[in-house]
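Here is a short briefing to read alongside the structure. Please keep the viewer open and follow the topics one by one.

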Amino acid sequence: MWGRPIRITRLAGFDIKIDASWLLIAGLITWSLSTGYFPQILPDAQNAVHVTAAIIAMVGLFLSLILHELAHSVMARLHGLNIAGITLFLFGGVAELETEPDDPTVEIRVAIVGPITSLALAGVFWLSMALAATLALAPVVTAVLAYLAIINLVLALFNLVPAFPLDGGRVFRAVIWRRCGDLLVATRRATDVSAYFAWGLIVLGLVAAFNAGLGAGLWPILVGLFLLAIGKASYRQAEMKQLFSGRCVADLMTRNVTTLRPDQTLADAVNHVFLAAGVSFAPVVAHDVLLGYVDLHTIRRIDRDHWATTIVEDVAESISADNSVAPNLSAQKLLEKISQSGRRKFLVVEAGVLRGVVTLSDVSKHLDISRQIASSLPGPA
Ligand SMILES: [Zn+2]
């Protein structure tokens, strides 16, 4: 959410990362526990005890969240899905699935195991609390265990709400998916339900804010807004996946590309290639061998007075894994590459030979046409 998450450790083969936004929430929770919850339950204890208990409870919550996400990740791995890692951020955790389940039953299993884990943790903390009480351990121990039992129960219940992409929403989507066989339709229904839920939370938050002050209403409003935003993004992602399924770079690329010769001057390249063909990017080819590319950005860096004397070969960028793709790369992987690198243009290369050029606008043009075709077809009942 805010820049790159920090990788803190590796557990069961998964990278555990923390987003900066989570540190803020962790600080807020520790503060509110040490000034609110613990002083209320243990009024006779010293301030240092409240702070220590708050920090221990915070670490317990942290481990509980990790275990919840670890459960999703292990179940996903058991079904052959790749997990990039686990990241804790503002509203909890997320297990980053590199590949989405292809089958609703797998999706249900991967989604449901998280809340089950939180429920089991709530039970374990509850039993430990009962044991601590019977053994007459210090009241602060019981207070910390009670907090962890309650917070895990809340986590389990909140995640079971059928709002996509919460776990309950994923289960809900998978059930519709299994019934109608269309992931996109199922995603749309799940995000619709999720939007009702999100608006409900926002209204609830506003009512609470009017009656009990902004502090009381802020949390439901924030969660509601978050669910609305992420629901839309998830739908768009599912739509993209469907429209691009089975497509690869070769289906999207521009084949007849105007190329440059290495011995051409920049003045010649600008007049006869960039301006004439209306392109901002041109591969450099000599005797069918791809040497690199030149773009307007490169040309602008050279003083205009030197354009007549500088040749293409001297300024061309060479080909690398960053700026080239294979024609059989899937459209989905191309999109990932675009979003990860921020680069919008790629040379399509096969065994050192130029096959074409693929750009972000090729991708959106294709998406736009596919969307129009999809909307003109009769939809599933
Ligand atoms: Zn979960």
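In this predicted model, helix α1 (residues 20–41) and helix α2 (residues 47–78) cross at roughly 130°, and their axes come within 8 Å. The two helices are therefore oblique to each other. The handedness is right-handed where α1 passes α2.

**The contact of α1 with α2**

- From α1, the residues that make the contact are Ala 26, Ile 29, Thr 30, Leu 33, Ser 34, Phe 38 and Pro 39.
- From α2, the contact is made by His 50, Val 51, Ala 53, Ala 54, Ile 55, Ala 57, Met 58 and Leu 61.
- Sorted by class, the contact of α1 with α2 has 12 nonpolar and 3 polar residues, with no charged ones.

**The packing of α3 and α5**

- Helix α3 (residues 104–134) packs with helix α5 (residues 167–180) at an angle of about 160°, and their axes are 8 Å apart.
- Angles over 145 degrees count as roughly antiparallel, and α3 and α5 are therefore roughly antiparallel to each other.
- The crossing in which α3 passes α5 is left-handed.
- On the α3 side, Pro 104, Glu 107, Ile 108, Ala 111, Ile 112, Gly 114 and Pro 115 take part. They meet Asp 167, Arg 170, Val 171, Ala 174, Trp 177 and Arg 178 in α5.
- The residues of the contact of α3 with α5 comprise 8 nonpolar, 1 polar and 4 charged.

- Strand β1 (residues 6–11) pairs with strand β2 (residues 14–18) in the antiparallel sense, over 5 bridges.
- Within this pairing, Thr 9 stands opposite Ile 16 in β2.
- The hairpin of β1 and β2 has 2 residues between the strands, and Ala 12 takes a positive phi near 50° there.
- β2 also pairs with strand β3 (residues 83–89), here in the parallel sense and over 3 bridges.
- Lys 17 has Thr 87 in β3 as its bridge partner.

**The sheet of β8, β9 and β10**

- These 3 strands form an open sheet in the order β8-β9-β10, and the pairing is mixed.
- The edge strands are β8 (324–325) and β10 (353–359), and each of them pairs on one side only.
- Which sense of pairing, parallel or antiparallel, joins β8 to β9? The pairing of β8 with strand β9 (residues 345–350) is parallel, over 2 bridges.
- Ser 324 stands opposite Leu 347 in β9.
- β9 and β10 run antiparallel, and 6 bridges join them.
- Glu 350 has Val 353 in β10 standing opposite.
- A hairpin is formed by β9 and β10 with 2 residues between them, and in the turn Ala 351 has a positive phi of about 50°.

**The two domains**

- The domain assignment divides the protein into domain 1 (6–244) and domain 2 (249–374).
- Taken over C-alpha atoms, the centres of domain 1 and domain 2 are separated by 44 Å.
- How many residues does each domain give to the contact? Domain 1 contributes 4 residues and domain 2 contributes 7 residues.
- On the side of domain 1 that touches domain 2, 3 residues are nonpolar, no residues are polar and 1 is charged.

Key: Residues are numbered from 1 along each chain as its sequence is written. This is a predicted model: local features need pLDDT of at least 70, side-chain atom pairs count only at pLDDT 80 or more; totals for chains, interfaces and linings use all residues. Axes are lines fitted to C-alpha atoms, for helices over the stretch in contact, and angles run from 0 to 180 degrees between N-to-C directions. Helices (H or I, at least four residues) and strands (E, at least two) are DSSP runs, numbered from the N terminus. Angles under 35 degrees count as roughly parallel, over 145 as roughly antiparallel, 65 to 115 as roughly perpendicular and the rest as oblique. A crossing is left-handed if the near helix is turned anticlockwise from the far one by less than a right angle, and right-handed if clockwise. Two residues are in contact if their C-beta atoms, placed from the backbone, lie within 7 Å. Ala, Val, Leu, Ile, Met, Phe, Trp, Tyr, Cys and Pro count as nonpolar, Asp, Glu, Lys and Arg as charged, and the others, Gly among them, as polar. Two strands pair if DSSP finds at least two bridges between them. Domain bounds come from an automatic or database domain assignment.
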